[in-house]
Amino acid sequence: MQTKRKLTVYMIIDNWMEMASSSTLDMLSNLPESMLNNILSRLSLRDMVRTTVLSTKWRYKWTSVPHLIFDDEYLPVYFGPFGHDKLVKIVNHVLLLHRGPVLTFEISSSQLRTCSEINSWILYLSFNSVKEFKLHISKSERHIVPPCLFSFGHLIQLILIGCIIVPPTTFKGFSYLKNLSLKKVTLSNASLECLLSSCPWLERLTLIDIDGPTHVEICNPNLKYLFFDDKSIGISLKDLRLLVYANLHAINVAHPDQQGTCNFTSILGSMLNIQKLVMKGWFLESLAIGDVPRRLPSTYDHLKSISFPLNMEDVKQILVAVCLLNSSPNLQELEILLCRNREYAIVPVMDLQEAKDQLECTFNKLRVVNMSKLFGIETELVLIKFILANSPVLETMSISPAKKGIELTLFKELLQFKRASPRAKIVYLDGSDPR
Amino acid sequence: MASAKVFVLRTCDGETFEIDESVAYVSETIKNMIEDGFGHDLIPLPNVSSKILLKVIEYCRKHVSNFESSKKTSNGDEKDKDNDSWKKEKEAVPEVEKDAEEKARVEELKEWETTFIDIDQQVLFDLLQAANYLNIKGLLVMAAEKAASMIRGKTPEQIRETFNIKNDFTPEEYEDIRKKDAMNDFTPEEYEEIRKKIADNHFTPEEYEQIRKENAWAIE
């Protein structure tokens, strides 16, 4: 029985190999559709459509590739006033010929202006189980997104740039959305709240330059990456336990049920999985409200990289920075952007000393430090001295001055400081360095 | 706890290969077969020749050790479990800069992969089909990307030459399709040249007319 089966299998294979050898010359054309789609989808749209002239067999092979991306890199950049019209013609042409599902549709050509054709495309796509959608308008006023976009039930990724967003009242949310990115969009407070709260699986959120909302609450439990840049909006963050990366440039507002305790603990305290934390603008300052502890109850064991602005003459801010550093035993990269506020010109030395004493960590994993816009004041030097003396594996410390004229004296002093790491290099970056 | 289990694979040309469990598990297909209980005897792979299986095993061995060490330094970002193998790092995921050790490891792996995939067409396509059948995502991506790089930026004639595709259009059919469907026939370099010329207004009247005609479908 076994032998008989073996023979049959080998006979079939012999046959198959014979067939294969007769067409070994042109293997690409004979690949199964799914494999060919895999290869073709890695090409620019132009290269992909070009395959239509290879041979009669190739005429419509490209039309079943489910990923359509129209952008300046992929599409030849047409010049002159006809650019937009040509682009529209091409998109219409491609969509008309296309067959099969469209899983990815991205259009971000710099030639694209707002027009009614965009809405026809979105309507066509709404019958197509699109998983990734991107619309980028930069050449004209913002485009009003049609209601049918909100019926893309399979959406996993949504990127809208230069749009006006008005979800219909029947909108229940994108239940599978994992990645949401809104940049230069206009929408109401309620719309943003509705969008955010209806995506329980959201893992990546980018909000940049949002017109309309004054306050945003972010509490999506599965969020891993958060990029928020709009300094006129107050954000409150709650329970982002899985957050791995945060880049925050906003006014920080504590969650209503967290009032009374220290802002820092209540806002950043739950982000125990954080690996990279970037803060800009007033964010750090707004964390300094309430009693700042010496260190957090649980440490950020995974935090590898921090970047924040710091006013070295504001004791409260220093305490927050100290608390942050004390709570990050595995820190590898540190960047501090120094700034100065004239109001705090005279600071009691005692307070500063006390603040400095609170620093109790040894930076056991710290490799790279970048401190920019130094003014050469005592507190800055004290901090640098401390870091140099307590970082056994430090590789590079980069310094750049706030203005010309303080370099030499500053540098001389720094070079004198004791370094715990034999490999530590101090790199001096010119003040005119574009940073 | 248990000693490393070994499995035996048999190719379509009758040769057998022994591999460790961890190496075998790089292939989703083989993993499923083992979990379904077919690991006790030989595991037959009628679609794979010994020449190709050797290459596949080389890949799997290299990527077992990488899988192990990358688990330790995992930054909590599970690689896309969906069918996103077509995408090559389009959305930049912010990452902490790797330390010297990890950087060296990544460099080394890249170099290894470049050498590994530097193979002739026959082997490449066989490898592609094997990776598909054996469901080894990383290998499939690598082979598909290599095939794509052989098409990218070429004129249709160059592509036909590379892959031995026979142009079976009649001249009229061809001209028709080229104008209407192929968007245009310029290579990126030619296009850049044209763009510059237009910006500097360096066209002769004949050249301009030629280009206008070729792009008539778009201009009208």
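**Close-up views of a predicted model**

**View 1. Contacts and elements of chain B.** Take the contacts in chain B between residues at least 6 apart in sequence: 62% of them join residues at least 24 apart. The model is predicted. Chain B holds eleven helices and three strands. Read from the N terminus, its elements follow the order β-β-α-α-β-α-α-α-α-α-α-α-α-α.

**View 2. Surface and interior of chain B.** Chain B has 220 residues, and 38% of them count as buried. Its accessible surface is about 13,100 Å². Carbon and sulfur atoms account for 50% of that surface.

**View 3. Helix α2 of chain A, a mostly covered helix.** This helix spans residues 33-40. Six of its eight residues are buried. They are Met35(A), Leu36(A), Asn37(A), Asn38(A), Ile39(A) and Leu40(A). What do the buried residues of α2(A) pack against? In chain A, the partner is α3 (45-50). In chain B, the partners are α5 (121-134) and α6 (137-149).

**View 4. Thr63(A), a residue in a loop.** Thr63(A) sits between α3 and β1 (67-70) of chain A. Is Thr63(A) buried or exposed? Its relative accessibility is 1%, and buried means under 20%, so Thr63(A) counts as buried.

**View 5. The surroundings of Thr63(A).** The side chain of Thr63(A) reaches a backbone oxygen at 2.7 Å, that of Tyr60(A). Which residues does Thr63(A) contact, leaving aside its neighbours within four places in sequence? They are Leu97(A), His98(A) and Arg99(A).

Note on methods:
Residues numbered from 1 in each chain as written. Chains lettered and ligands numbered in written order. Predicted model: local features only at pLDDT ≥ 70, side-chain atom pairs only at ≥ 80, totals over all residues. Heavy atoms only, no water. Buried < 20%, exposed > 50% of the residue type's maximum accessible area, 1.4 Å probe, protein only. Helix = DSSP H or I, 4+ residues; strand = E, 2+ residues; numbered from the N terminus. Contact = heavy atoms within 4.5 Å. Polar contact = N/O pair within 3.5 Å; in protein donor to acceptor, adjacent residues only side chain to side chain. Areas by Shrake-Rupley, 256 points an atom, 1.4 Å probe, with all protein chains shown as cover.
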